[in-house]
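Visitor: I am new to reading structures. Could you take me through one, feature by feature?

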Amino acid sequence: MSAAAIVKAAQFAAEKHKNQRRKDADASPYINHPLALASVLAVEGGGETPEVICAALLHDTVEDTETTAEELAAIFGATVTGIVLEVTDDKSLDKAVRKEEQVRHAPHISPEAKLVKLADKICNLRDILASPPADWSADRKRAYFDWAARVVAGLRGVHPALEAVFDGLYGRQAELL
Ligand code: NDP
Ligand code: ZN
């Protein structure tokens with residue numbers, strides 16, 4: 001897997017998410033979020049494999065767009081597709097059940113999927129601190145922080161430096177308005 005595959009994954013995600021926006025007041029382009037995960041892993045983390053970076057770029061395509069596992073497998077192969085599927089929620093389940101399933105599954109997923117999930121929680125806490133969903137109360141933001149911490153508890157040991165980044169963000173709850 002090469003630099004070309006990473007560029008291809010970024011371009012594929014940009015195309016799939018092109019009509020979606022984040023939930024912040026400015027409705028930022030959705031692709032900023034997968035790019036932020038890739039940056040957490042490749043720039044702040046360091047040493048991650050191209051497969052993990054590709055999976056980070058693609059992590060919300062199956063969950064949030066019409067992308068299928070077969071489509072990903074044909075372009076990016078079984079390893080990247082497998083990581084993406086490990087971090088994809090089952091949308092047939094009720095939202096509250098899905099959130100509990102993430103907590104329950106976290107310790108049992110592969111180290112590669114743990115890295116993507118840890119980066120996802122880091123990015124979402126950063127977003128909630130800097131550019132939160134427009135209509136969220138402080139209580140709702142705190143509830144998200146606490147749920148994310150329960151998921152991350154099941155990922156620990158996979159990357160202590162990035163876990164410390166998460167802990168630093170979690171410690172900033174007093175800033176939530
Ligand atoms: P959502 O799952 O609806 O939204 C959070 C998700 O939105 C994130 O995981 C992220 O997912 C995505 N997202 C997009 N833009 C942003 C942004 N700017 N900042 C952060 N995340 C962003 O919300 P909840 O996690 O709160 O889950 C809903 C659950 O909460 C339901 O079960 C509901 O019943 C309950 N609820 C709780 C309330 C409370 O006060 N605690 C109030 C109302 C509902 P991704 O990375 O996949 O893009
Ligand atoms: Zn995400």
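Guide: Start with the surface. Accessible areas come from the Shrake-Rupley method with a 1.4 Å probe, and for residues only the protein chains shown count as cover. Here the accessible surface of the chain is about 8600 Å², and carbon and sulfur atoms hold 55% of that. This is a predicted model: local features need pLDDT of at least 70, side-chain atom pairs count only at pLDDT 80 or more, and totals for chains, interfaces and linings use all residues. Residues are numbered from 1 along each chain as written, chains are lettered from A and ligands numbered from 1 in written order, and side-chain values use heavy atoms, without hydrogens and water.

Visitor: How many helices and strands are in the chain?

Guide: Helices (H or I, at least four residues) and strands (E, at least two) are DSSP runs, numbered from the N terminus. This chain has 9 helices and 0 strands.

Visitor: What share of the residues counts as buried?

Guide: Buried means under 20% relative accessible area, exposed over 50%, partly exposed in between (1.4 Å probe, protein chains only). Of the 177 residues, 46% are buried.

Visitor: Which residues coordinate the zinc ion (ligand 2)?

Guide: Donors are N, O and S atoms within 2.8 Å of the metal (3.2 Å for Na, K and Ca); water is not among the atoms, so sites may look incomplete. His-33 (NE2), His-59 (NE2), Asp-60 (OD) and Asp-120 (OD) coordinate this zinc ion at 2.1 to 2.6 Å. His-33 sits in helix 2 (residues 32-45) and Asp-60 in the loop between helix 3 (50-58) and helix 4 (61-64), so the pair ties together parts 27 residues apart in sequence.

Visitor: Is His-33 buried or exposed?

Guide: His-33 is buried, with a relative accessible area of 4%. Asp-60 is buried too, at 7%.
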